[in-house]
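User: I would like to learn how to read a protein structure, one feature at a time. Please give the general idea each time, and then the case at hand.

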Amino acid sequence: MRCPVPREPDQTYPEIREAVRKLCARFPGPYWRALDRERTYPTEFVQALTEAGFLSVLIPEAYGGSGLGLAAGAAVLEEIHRSGGHGGACHAQMYTMGVVLRHGSPAQKQACLPKVASGELRLQAFGVTEPDAGTDTTRITTFARRDGDHYIVNGKKLWISRAEHSDLMVLLCRTTPRDQAAKPSEGMSVLLVDMREAMGNGLTVRPVRTMLNHATTELFFEDLRVPVANLIGREGDGFRHILDGMNAERILIAAECIGDAKFFIDRASAYARDRQVFGRPIGENQAVQFPIARAHVQMTAAAHMVAHAAGLFEAGEPCGAEANMAKLVASEASWFAADMCLQTHGGFGFAEEYDIERKFRETRLYQVAPISTNLILSHVATHVLDLPKSF
Ligand SMILES: Cc1cc2nc3c(=O)[nH]c(=O)nc-3n(C[C@H](O)[C@H](O)[C@H](O)COP(=O)(O)OP(=O)(O)OC[C@H]3O[C@@H](n4cnc5c(N)ncnc54)[C@H](O)[C@@H]3O)c2cc1C
């Protein structure tokens, strides 16, 4: 008997995809362009997604969500990106929520998840990176010192996206200095910070303007008091607690890359069929059509890898290598497609009104964040292929 293998990974959750496409049609290119120009947060878009329940697809039904697996979140984000929009304004809710869900106490989950599912609370900020600790997370120095039933937090974070648009932040900090911990990856803890209380009371948020509209910020902690009741999981085990969330993050962002690649391939194909040069469509030239075809091949291969990694994650299987590999191939596929699409459009690709230069800038991020290509290659070399460690 033949096994029913889906022909395309994007045949998962067709109803969700269709509904997301309809919603995104209400937020076309001019909407995103205007926000990009002013570096403004897409409040109406995030509100619409929340009201339609798309940001809570991964929250269990018991807490008011849809209780679907990671592939449902991937389908939502892929369709947003394929439509020309950007999920960066709100995608974090899908993976930061997982840290609370898997490691939070019953009381913490009850207090937080139903309100996140309903949209009453936004859990959009994930505070890990610091000016001197990006790739090497164990070097973070933001420190939470215990003082009775509070932690007193001091330090600095950088590139913390959406901090100004979030009610809660999942914050990773040290509770034991690195040189006193049993291992560098130990002695870190996760705190759930209530941003509404923290802002101006020990937390200062400063926006950082970047080449894409990503609402990213720098955070300064000066004696910020966080109740011990907001510790997620066990003190000292924070790094382990966020690892699952990081795998989810990589898979979801890989899905965004697949959506971007499809956007570029759709646009390039349409333009190459239409644009007449030397009295014929440019798409008749193999030098124009082959890069489009190659982009499609690379995107399709990457989409299968993303679906595979999501399947492992949903089954509760270890998937660190697969999540990383999915992010690597998907981010390279979207970048190749972006470059191809710009080239196919000639000068018009540089014009703001085509949305290609904006998407080109947006998709470039994914080879650096949330983890850079080199670090993925290093992980595969040493953890999968058993090559000697270089650091
Ligand atoms: C727009 C934006 C949004 C972000 N949002 C968030 C967020 O919400 N929350 C958060 O916590 N972080 C966020 N980040 C941070 C992001 O995760 C980091 O930028 C990323 O992890 C890389 O860290 P770094 O910038 O410090 O680079 P570095 O660690 O300084 O690395 C610089 C370069 O050196 C390479 N490199 C380093 N060591 C090695 C090695 N041993 N071998 C080979 N190559 C190496 C890296 O691959 C990289 O290309 C964001 C970043 C950006 C730009």
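This is a predicted model: local features need pLDDT of at least 70, side-chain atom pairs count only at pLDDT 80 or more; totals for chains, interfaces and linings use all residues.

User: How many of the 13 residues of H4 are buried?

Analyst: A residue counts as buried when its relative accessible area is under 20%. Twelve of the 13 residues of H4 pass that test, so the helix is largely enclosed by the rest of the structure. Among them are Leu70, Val76, Leu77, Glu78, Glu79 and His81.

User: What covers the buried residues of H4?

Analyst: The cover includes helices H1 (14-25), H3 (43-51) and H5 (92-103). It also includes H8 (238-274), H9 (286-314) and H11 (356-364). Just after H4, glycine 84 takes a positive phi of about 105 degrees.

User: Now the strands. How many bridges join strand E2 to strand E3, and which way do they run?

Analyst: For a pair of strands, look at the count of bridges, the direction and the partners. E2 (residues 143-147) and E3 (residues 150-161) run antiparallel and are joined by five bridges. Phenylalanine 143 stands opposite asparagine 154 in E3, and alanine 144 has valine 153 of E3 as its bridge partner. The hairpin of E2 and E3 has two residues between the strands, and glycine 148 takes a positive phi near 65 degrees there.

User: How many bridges join E3 to strand E7?

Analyst: Ten bridges join E3 to E7 (residues 216-227), and these strands also run antiparallel. One of the pairings sets isoleucine 152 against arginine 225 in E7.

User: What about loops? Is glycine 349 buried or exposed?

Analyst: Glycine 349 lies in the loop between helix H10 (320-344) and H11. Its relative accessibility is 0%, so glycine 349 counts as buried. Leaving aside neighbours within four places in sequence, glycine 349 is in contact with Leu342, Ile356 and Glu357. Glycine 349 and alanine 268 are 81 residues apart in sequence, and their C-alpha atoms are 9.9 Å apart in space.

User: Which residues does histidine 91 touch?

Analyst: Histidine 91 lies in the loop between H4 and H5. It is buried, with a relative accessible area of 2%. Not counting residues up to four places away in sequence, histidine 91 touches Leu77, Gln124, Arg162, Ile253, Glu256 and Tyr366.

User: Why can charged side chains pair?

Analyst: Side chains of opposite charge can pair when their charged atoms come close. The cut-off used here is 4 Å between a side-chain nitrogen of Lys or Arg and a carboxyl oxygen of Asp or Glu. By this rule the count comes to 24 salt bridges.

User: Which residue meets arginine 225 in a salt bridge?

Analyst: Aspartate 147 does, at 3.6 Å from N to O. The pair links distant parts of the chain, with arginine 225 in E7 and aspartate 147 in E2, 78 residues apart. Arginine 225 is partly exposed at 47%, and aspartate 147 is partly exposed at 36% relative accessibility.

User: Are arginine 358 and aspartate 355 buried or exposed?

Analyst: Their side chains meet in a salt bridge at 3.3 Å, N to O. Arginine 358 is buried, with a relative accessible area of 1%, and aspartate 355 is buried at 3%. Elsewhere, salt bridges that share partners join Arg17, Glu18, Arg21, Glu78, Glu79 and Lys262 into one network.

User: Last, the surface. Which residues make the nonpolar surface patch of about 280 Å²?

Analyst: For such a patch, list the residues and then read the accessibility. Val384, Leu385 and Leu387 make this one. Leucine 385 is in the segment after helix H12 (373-384). At 54% relative accessibility, leucine 385 counts as exposed.

How values were computed
Residues are numbered from 1 along each chain as its sequence is written. Side-chain values use heavy atoms; hydrogens and water are left out. Patches are made of residues with over 30% relative accessible area and no salt bridge: like charges are joined within 9 Å, nonpolar side chains (Val, Leu, Ile, Met, Phe, Trp, Tyr) within 5 Å. Accessible areas come from the Shrake-Rupley method with a 1.4 Å probe; for residues, only the protein chains shown count as cover. Helices (H or I, at least four residues) and strands (E, at least two) are DSSP runs, numbered from the N terminus. Buried means under 20% relative accessible area, exposed over 50%, partly exposed in between (1.4 Å probe, protein chains only). Two strands pair if DSSP finds at least two bridges between them. Contact means heavy atoms within 4.5 Å.
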